[in-house]
Amino acid sequence: MELSASAQERALRSEVAAFLEEHKSTFDDVPRELAARLKHLRAWQKTCYDAGFVGRSWPTDVGGRGAPAGEQVLVDEEFAIAGAPPFASVIGLSVLGPALVEFATPDQKARYLPPVLAADEIWCQGFSEPEAGSDLGSLRTVAVEDGDYYVVNGQKTWTSWAQFADWCGLLARTDAEAPKHKGISMLIVDMRLPGVTVRPVEQISGHAEFCEVFFHNVRVPKSQLLGAPGQGWSIAMHAFGHERGTSALRAQIRLSSAFDHLVGAVRERLATDIDPARMAEVECTLAKSLIDIEVLRQHTFRMVGGALNGKEVGAESSTVKLLRNRTEQNLYVRAMDLLSTSLAADDKPEAALAWYDSYLQSRPVSVFGGTEQVQRNIIANRILNLPKS
Ligand SMILES: Cc1cc2nc3c(=O)[nH]c(=O)nc-3n(C[C@H](O)[C@H](O)[C@H](O)COP(=O)(O)OP(=O)(O)OC[C@H]3O[C@@H](n4cnc5c(N)ncnc54)[C@H](O)[C@@H]3O)c2cc1C
């Protein structure tokens with residue numbers, strides 16, 4: 001992707017930098033408690049959206065700015081340099097929003113996409129089930145036609161942020177007779193409908209970032225079908241392409257900010273907690289993460305560059321996902337290693353907890369969006385053309 005700085009791009013960078021200077025906000029300002037965190041990030045996203053920095057490249061008729069996609073990349077980079085916090089609409093912006101842009105009717109786009117950009121409504125992704133994670137095609141949630149409605153019954157699990165979600169992009173079986181991948185459809189489900197029960201699952205961090213979601217005779221109007229009946233699998237693959245691939249653009253920016261934080265934290269502790277005799281080793285450890293991040297960045301740019309030029313985000317997204325996993329997990333393992341002595345005795349518990357939280361949050365990166373083994377299978381079969389056996 002060509003990112004050479006034209007006069008227009010330089011002007012945009014200055015505009016973003018001025019905005020960030022005026023609205024100083026960093027990771028350190030984000031509350032730890034989940035509901036407070038989401039509230040804070042929603043307000044932050046809204047401020048940024050009003051200023052034209054969210055959905056810049058989305059079509060104007062859905063609330064975007066219709067700008068070339070490279071502009072959003074540039075804006076995101078400036079946010080990273082400033083150490084700005086992420087946005088609240090993780091699934092909406094990076095996973096299901098792009099699917100809505102591609103597959104929704106004009107009425108659905110007008111209804112659902114502007115609130116995604118402004119963080120007025122939060123989405124969750126209702127794909128995985130207790131017996132259908134890697135083997136998603138085996139999902140058992142059913143949506144049976146009844147007049148103008150689908151009646152949904154079943155259970156989803158691992159549904160991130162479901163307790164805060166207004167809408168769910170739900171995969172359900174609408175045709176029991178069709179081959180398993182062809183009988184699945186995607187429904188846009190109002191999370192407040194009677195029969196929807198959300199049960200948050202607390203993790204080792206003490207937060208409940210995902211939930212189990214139960215559907216009991218939930219009546220979903222047929223107008224809430226996304227795409228055609230039986231098109232759910234194609235829509236899910238489109239969403240995965242973005243979840244595994246293009247969302248790495250934001251991830252590498254976040255990791256780059258975290259790396260800068262880490263260097264700062266190491267520098268602060270040099271005199272006290274880190275033995276100067278270990279300096280060469282410390283520098284080497286930091287350099288490894290810097291290289292990881294740069295490699296991830298280049299691969300992500302190459303893939304996003306292809307997408308900007310109309311190439312479908314396909315199997316290549318699995319390579320980016322593997323790189324992202326390694327980069328993120330290694331970074332926080334190294335942070336724990338470098339800072340552990342001082343974190344244990346930290347007189348600023350919030351700062352210490354933030355490192356622990358990030359470390360814990362990095363562990364499931366190699367599971368969500370499809371496990372490492374599944375990504376390797378995709379690379380083996382679809383890129384290297386190796387036999388399935
Ligand atoms: C933090 C977190 C957030 C998540 N958020 C969401 C969400 O918002 N929405 C959603 O729908 N899902 C979400 N998921 C679910 C995630 O997509 C699944 O956990 C993942 O696809 C794996 O499925 P599973 O947990 O059922 O494991 P399984 O599929 O049971 O896999 C168990 C093990 O077997 C291996 N395995 C399975 N099949 C193969 C194979 N064919 N070849 C080689 N190895 C194989 C796997 O790699 C894994 O190691 C989330 C998961 C996590 C951890």
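Residues are numbered from 1 along each chain as its sequence is written, and side-chain values use heavy atoms, with hydrogens and water left out. Because the model is predicted, local features need pLDDT of at least 70 and side-chain atom pairs count only at pLDDT 80 or more, while totals for chains, interfaces and linings use all residues.

## The ligand and its shell

The ligand is surrounded by 16 residues, and the closest of them are Ser128, Ser134, Trp158, Thr371 and Gln373; a residue is near a molecule if one of its heavy atoms lies within 4 Å of it. The shell around the ligand holds 6 nonpolar residues, 10 polar residues and no charged residues. In this division, Ala, Val, Leu, Ile, Met, Phe, Trp, Tyr, Cys and Pro count as nonpolar, Asp, Glu, Lys and Arg as charged, and the others, Gly among them, as polar.

Two elements, β3 (149–160) and α11 (372–383), each supply at least two residues of this shell, and the largest share, 3 residues, comes from β3. Helices (H or I, at least four residues) and strands (E, at least two) are DSSP runs, numbered from the N terminus.

| Residue, backbone atom | Ligand atom | Distance |
|---|---|---|
| Phe127, N or O | oxygen | 3.1 Å |
| Ser128, polar atom | oxygen | 2.7 Å |
| Trp158, N or O | nitrogen | 2.8 Å |

On its own the ligand has 980 Å² of accessible area, of which the protein covers 67%. Accessible areas come from the Shrake-Rupley method with a 1.4 Å probe, and for residues only the protein chains shown count as cover.

## The second largest pocket

The second largest pocket has a volume of about 190 Å³. A pocket is defined on a 1 Å grid over the protein atoms alone, as an open set of points where a 1.4 Å probe fits, with protein on both sides within 12 Å along at least five of seven lines, and its lining residues have an atom within 4 Å of a point. Grid points are joined across faces, edges and corners, and the volume is the space filled by probe spheres set on the points.

Three helices, α3 (69–81), α7 (248–269) and α8 (279–308), each supply at least two residues of the lining, and α7 gives the most, with 5 residues. Among the lining residues are Glu77, Gln252, Phe259, Asp260, Leu290 and Arg297. The lining of this pocket divides into 6 nonpolar, 2 polar and 4 charged residues, whereas the shell around the ligand has no charged residues.

## Residues in loops

Ala119 is found in the loop between α5 (106–117) and β1 (123–126), and its phi is near 60°, a positive value in a residue other than glycine. With 4% relative accessibility, Ala119 counts as buried, where buried means under 20% relative accessible area, exposed over 50%, and partly exposed in between (1.4 Å probe, protein chains only).

Trp161, in the loop between β3 and β4 (167–173), likewise has a positive phi of about 60° although it is not a glycine, and it counts as buried because its relative accessibility is 16%.

Thr141 belongs to the loop between β1 and β2 (142–146) and is buried at 0% relative accessibility; its side chain reaches the backbone nitrogen of Gln155 at 3.4 Å.

## Residues apart in sequence

Gln203, in the loop between β6 (196–201) and β7 (210–221), is partly exposed at 24% relative accessibility. Gln361, in helix α10 (residues 349–362), is also partly exposed, at 31%. These two residues, Gln203 and Gln361, are 158 residues apart in sequence, and their C-alpha atoms are 9.8 Å apart in space.

Glu372 lies in helix α11 and is buried, with a relative accessible area of 17%. The C-alpha atoms of Glu372 and Pro130 are separated by 19 Å, and the two residues are 242 residues apart along the chain.

Key:
A polar contact is a pair of N or O atoms within 3.5 Å; within protein, one must be able to donate a hydrogen and the other to accept it, and residues adjacent in sequence count only if both atoms are side-chain atoms.
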